[in-house]
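Me: Could you take a close look at one part of this model for me? I'd like to go through the charged side-chain pairs.

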Amino acid sequence: MTAIAITAPAAGVMDDMPEDEYHAHPAVNYSRLKHWQCPLKMIDRADDPTAAKSLGRAAHCAVLEPERFEHAYAVYGGIHNATHSAYKEALAKAGGRILLKPDAYDEALWIRDAVHAEPESRALLAGARRELSIFWTDEETGVECRARLDALGAGPADLKRAANGSPHGFRMAAAKYGYAIQAAHYLMGCHAVGLPTDGFRFPFIAIEPNGRRPIVSVYDLDDDSLQRGMTDRANALRVYAECLQTNVWPGYVRKRTTIRLPYYALVDNEEE
């Protein structure tokens with residue numbers, strides 16, 4: 001495939017790039033690549049400001065940038081309604097800080113304390129550079145790529161808020177949300193810009209909310225899973241490059257398709 005000519009406004013490593021500026025950058029990231037089997041989903045996706053995502057960002061900040069958390073977030077004890085006069089008054093007094101309800105604010109702090117109390121996760125974060133933005137050009141396709149590392153010590157590591165942080169629960173989440181593609185993308189990005197990759201391992205710090213005692217576990221993908229992530233990422237970049245070149249972004253299928261019900265739906269009910 002002919003490489004696509006794209007002007008690269010940024011390349012290399014940036015330690016202090018604001019989060020909003022990073023997300024506005026046109027280079028492709030893991031969040032788009034994981035949708036490669038439905039290219040239409042790879043086009044710019046609007047951020048969904050859900051409560052869970054807001055809490056996730058707050059927890060990330062509390063764990064990775066505890067000093068900034070104190071200046072970036074404030075507690076609001078009333079009804080979180082932008083049209084409510086009390087909320088508007090609290091927002092005005094917040095001085096630009098993001099308002100969180102007390103339970104969300106407390107949970108972010110509980111997660112912070114739990115991550116730093118767990119020996120494995122504490123070791124990954126000790127002395128690590130935080131919230132690192134990297135930019136590079138994929139050699140095969142010429143597509144501009146980006147990634148934002150939660151932490152980079154001996155190698156990159158990533159925080160994940162998990163509904164089920166058990167080994168089985170997290171591996172199911174990894175398959176559902178394309179964590180292997182993320183690991184491959186981040187590791188290849190680190191390699192491209194000359195950052196350490198710790199033997200091409202990409203540990204995930206899984207955090208399962210559990211009141212005052214969040215459950216923290218650290219997981220590595222095995223070799224087969226990482227290789228699958230590398231393969232899927234390469235396929236995703238080829239699809240993305242082709243779509244950029246043709247400006248055609250298909251959905252799941254390109255023509256009328258016959259499907260088959262899953263096995264359990266076809267087996268006769270014993271009672272019947």
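Which side chain does arginine 68 meet in a salt bridge?

Reply: Arginine 68 pairs up with glutamate 65, at 3.1 Å from N to O. A salt bridge here is a side-chain nitrogen of Lys or Arg within 4 Å of a carboxyl oxygen of Asp or Glu. Bear in mind that this is a predicted model, where local features need pLDDT of at least 70 and side-chain atom pairs count only at pLDDT 80 or more, while totals for chains, interfaces and linings use all residues. Residues are numbered from 1 along each chain as its sequence is written, and side-chain values use heavy atoms, with hydrogens and water left out.

Both partners are partly exposed, arginine 68 at 41% relative accessibility and glutamate 65 at 24% (buried is under 20% relative accessible area, exposed over 50%, partly exposed in between, with a 1.4 Å probe and protein chains only).

By that salt-bridge rule the count comes to 9. Another one joins arginine 148 and glutamate 131, with the closest N and O atoms 3.2 Å apart. Arginine 148 sits in strand β5 (residues 144-152) and glutamate 131 in strand β4 (residues 129-137), so this pair ties together parts 17 residues apart in sequence. Helices (H or I, at least four residues) and strands (E, at least two) are DSSP runs, numbered from the N terminus. Here both ends are buried: arginine 148 at 11%, glutamate 131 at 12%.

Then there's glutamate 140 with arginine 238, at 2.7 Å from N to O. Glutamate 140 is in the loop between β4 and β5 and arginine 238 in helix α10 (residues 223-246), so the parts tied together are 98 residues apart in sequence. Glutamate 140 is partly exposed at 45%, as is arginine 238 at 34%.
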